[in-house]
Amino acid sequence: MLSRRQFIGSSSALLLGAAAVERAEAQRIPEAPIMEKPATQPPLHPPSGRDYRPVVTLNGWTLPWRQNGDWKEFHLVAEPVVREMAPGMKAHLWGYNGQSPGPTIECVEGDKLRIFVTNKLPEHTTVHWHGMLVPNGMDGVGGLTQPQIKPGKTFVYEFEMKKSGTFMYHPHADEMVQMAMGMMGFIVVHPRDPALHRVDRDFVFLINAYDIEPGSYIPKVATMTEFNLWTWNSRAFPGIDHLAVRKGDRVRVRMGNLTMTAHPIHLHGHDFAVTGTDGGWVPASARWPEVTVDVPVGAMRAIEFVANTPGDWAFHCHKSHHTMNAMGNGIPTFIGVNKTELTKKIRKLVPDYMPMGTRGMAEMGEMEMPLPENTLPMMTGYGQFGPLEMGGMFTVVKVREGLAADDYRDPGWYRHPEGSVAYEYPGEVAPARRTELSAPDRPAVEVNVVKPTAATRHQQH
Ligand SMILES: [Cu+2]
């Protein structure tokens, strides 16, 4: 026989279940669009509802939605995906709707969101809405606030967007594995008043990292610090699209860090202010100028600048190991080593052996050595003046005059005005000479040095 408590428990569960079924039947799930192209997709202007300036997801896209009465309905599908990280390398990841990271979800402060999540992974998952103010039961922590979403099942999350800002979504189920496999995405909530925090161009990307051995396709999920692919939206230089910007534009870049270490992101040629975090907007009175912003783990930083100087401006993580690709890990330092004798000996066995690294490693930037299958050279990419010797978290902000409002196409390399590029000095260079300051420049100081004797040493004690 059932106790009273068991009876109430099971009957209320039944009631809840019936209500959910009824709601699902009344709604019918919206279709789940997928995206497989790695190129940056054009901004998705809202087809209905309140207006806003949509964001541009670097090498990504925004998830279309359906308006159903008061609700904006989205459908996320958690599933295995193949992501090209840069030409020449594909990774087998987990993501949402065909891509890792998942699509950006955009909405407006005050909107009611209904997000269907279908699990097509081989194991259970959940979705946590990082930084958002949601009812506890919608927070997506498997086991704590909801049962896990089993493979093949669909769950529904419903909440009202309480405030504008930049948030993230990711699983809170087998988190180490699922985040190492690339499951993450952005949520951008635009202000109700479109004039508030208005910018001309608004870019978003997630900072992520993978450990994929050359020749393999699946990230090593237990890696804690020694990652070999440092990526933005699961893309590594030269696979990260350039940010095309019109001269005079006010530009925002929103960056969320879901790696295991902080990333100091540095912009050349401009200064910027941090105008938002995943906690909200930074009041104007609390902003200060920066050229580098450290994005901590599990955090978002939005920066804003006025693109007032045309050019090709480097934009990258300032940890120099994070602008290297897979082949840069674990190689010995040979600077200053004379390998002539060693090279002769090795060449007897391997005729085309090349000694590397004795003058530094720049030569690796233009070397075309056969690589193992499915990996990226340590440093690579070309600019108009030669090899860039970069990898990982590096791209270029291209500021140009007169771009059309929604034109994000690559405008090509910058044509520098004549006489504005650093140039080679054509004359003779005198040999270096140690500089001695002459007497009048340096006041004579008499220094009396008392050599410690057994006696003075003794006194000090
Ligand atoms: Cu970094």
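Colleague: Which residue in the turn between β3 and β4 has a positive phi?

Modeller: In this predicted model, β3 and strand β4 (residues 89–96) pair in the antiparallel sense over eight bridges. Arg83 stands opposite Ala91 of β4. The two strands form a hairpin with two residues between them, and the residue in the turn with a positive phi, of about 105 degrees, is Gly88.

Colleague: Which residue takes a positive phi in the hairpin of β2 and β3?

Modeller: Strand β2 (residues 66–68) and β3 run antiparallel and are joined by three bridges. Within this pairing, Gln67 stands opposite Lys72. Two residues lie between the strands of the hairpin, and the one with a positive phi near 65 degrees is Gly69.

Colleague: Is strand β3 largely enclosed or left open by the rest of the structure?

Modeller: Strand β3 spans residues 71–86, which makes 16 residues. Of these, 12 are buried, so the rest of the structure leaves β3 largely enclosed.

Colleague: What is the order of the five strands in the open sheet that contains β21?

Modeller: Strand β21 (residues 311–317) pairs with strand β24 (residues 394–400) in the antiparallel sense, over six bridges. Within that pair, Trp313 has Val397 as its bridge partner. The pairing in the sheet is mixed, and the order is β13-β24-β21-β15-β19.

Colleague: Which strands stand at the edges of the open sheet of five strands, and why is one side of each left without a neighbour?

Modeller: An edge strand here has a single partner strand, so one of its sides is left without a neighbour in the sheet. Neighbouring strands of this sheet are turned by 20 degrees against each other on average, direction ignored. The edge strands, at residues 243–246 and 292–295 respectively, are β13 and β19.

Colleague: Which strands stand at the edges of the open sheet of four strands?

Modeller: The order of this sheet is β5-β10-β9-β7, with mixed pairing. One of its pairs is β5 with strand β10 (residues 185–190), parallel over four bridges, and there Glu106 has Val188 as its bridge partner. The edge strands each have a single partner, so one side of each has no neighbour in the sheet; they are β5 (105–108) and β7 (128–130).

Colleague: Which residues touch the most other members of the largest nonpolar core?

Modeller: The largest nonpolar core holds 91 residues. The residues that touch the most other members are Ile187 and Leu229.

Colleague: How many residues apart in sequence are Trp61 and Pro103?

Modeller: Trp61 lies in the loop between β1 (56–57) and β2, and it counts as buried because it has 23 C-beta neighbours inside 10 Å. Leaving aside neighbours within four places in sequence, Trp61 is in contact with Met35, Gln41 and Pro103. The C-alpha atoms of Trp61 and Pro103 are 5.4 Å apart in space, and their separation in sequence is 42 residues.

Colleague: Is Glu389 buried or exposed?

Modeller: Glu389 lies in strand β23 (residues 386–390). It has a positive phi of about 55 degrees although it is not a glycine. There are 20 other C-beta atoms within 10 Å, so Glu389 counts as buried.

Colleague: What is the omega of the peptide bond that joins Phe237 and Pro238?

Modeller: Pro238 has its place in the loop between β12 (229–232) and β13. The bond that joins Phe237 to Pro238 is cis, with an omega of about 10 degrees.

Colleague: What is the mean pLDDT of the chain?

Modeller: Over residues 1–15 the pLDDT is below 50, and over residues 456–461 it stays under 50. Where pLDDT is low, the predicted coordinates should not be read in detail. Across the chain, 82% of residues reach 70 or more, and the mean pLDDT is 87.

Conventions: Residues are numbered from 1 along each chain as its sequence is written. This is a predicted model: local features need pLDDT of at least 70, side-chain atom pairs count only at pLDDT 80 or more; totals for chains, interfaces and linings use all residues. Two strands pair if DSSP finds at least two bridges between them. Axes are lines fitted to C-alpha atoms, for helices over the stretch in contact, and angles run from 0 to 180 degrees between N-to-C directions. A nonpolar core is a set of buried Ala, Val, Leu, Ile, Met, Phe, Trp, Tyr and Cys residues joined through C-beta atoms within 7 Å. Two residues are in contact if their C-beta atoms, placed from the backbone, lie within 7 Å. pLDDT is the predictor's confidence in each residue, from 0 to 100.
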